[in-house]
Amino acid sequence: MGLGGCIILIAAGAILTFATDWKMEGVNLDLTGVILMIVGLIGLAVFGSVARRRRVMMPHSTQVIDVHGQHRRDGYDDGL
């Protein structure tokens, strides 16, 4: 679930909890809204931790210097 999905869950849960006064037999809409908000918050926490792991900095690669003066053929400069 992405960031947008988490925000939609939180918004839908808040709407069900605070902005509606519907009565459904067998369904507690206030509790359903709270559950949706909690799931959205858990999703945000998981998304944040995964995004933080993806931002790991890679060390700079070192440049290889050919001291022998030999030219390696890589197939791109065939002279054609």
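The protein exposes about 7300 Å² of surface, and carbon and sulfur atoms supply 63% of that area. Accessible areas here come from the Shrake-Rupley method with a 1.4 Å probe, and for residues only the protein chains shown count as cover. The model is predicted, so local features need pLDDT of at least 70 and side-chain atom pairs count only at pLDDT 80 or more, while totals for chains, interfaces and linings use all residues. Residues are numbered from 1 along each chain as its sequence is written, and side-chain values use heavy atoms, with hydrogens and water left out.

Let's begin with the overall plan. The protein has two helices and zero strands; helices (H or I, at least four residues) and strands (E, at least two) are DSSP runs, numbered from the N terminus. Of the 80 residues in the protein, 14% are buried. Buried means under 20% relative accessible area, exposed means over 50%, and partly exposed lies in between (1.4 Å probe, protein chains only).

Now follow helix 2. Its 26 residues should span 38 Å at 1.5 Å a residue, and this agrees with its end C-alpha atoms, which are 37 Å apart. The expected span is 1.5 Å times one less than the number of residues in the helix.

Which residues of helix 2 are buried? They are Leu-29, Gly-33, Met-37, Gly-40, Gly-43 and Ala-51. These buried residues pack against helix 1, and contact means heavy atoms within 4.5 Å.

Ile-10 counts as partly exposed because its relative accessible area is 22%. Leaving aside neighbours within four places in sequence, Ile-10 touches Leu-36, Met-37, Gly-40, Leu-41 and Leu-44. Thr-17 is also in helix 1, and at 14% relative accessibility it is buried. Beyond its neighbours within four places in sequence, Thr-17 is in contact with Asp-30, Gly-33, Val-34 and Met-37. A polar atom of the Thr-17 side chain lies 2.8 Å from the backbone oxygen of Gly-13.

Next comes the loop between helix 1 (3-18) and helix 2 (29-54), where you will find Thr-20. Thr-20 is buried, because its relative accessibility is 19%. The Thr-20 side chain reaches the backbone oxygen of Leu-16 at 2.8 Å.

Finally, turn to the surface. Leu-31, Val-34, Ile-35, Ile-38, Val-39, Ile-42, Val-46 and Val-50 form a nonpolar patch with about 640 Å² of accessible area together. Patches are made of residues with over 30% relative accessible area and no salt bridge, joining like charges within 9 Å and nonpolar side chains (Val, Leu, Ile, Met, Phe, Trp, Tyr) within 5 Å. A salt bridge is a side-chain nitrogen of Lys or Arg within 4 Å of a carboxyl oxygen of Asp or Glu. Val-46 sits in helix 2 and is partly exposed, with a relative accessible area of 48%. Val-50 is in helix 2 and, at 31% relative accessibility, counts as partly exposed.

Definitions and conventions
Polar contact = N/O pair within 3.5 Å; in protein donor to acceptor, adjacent residues only side chain to side chain.
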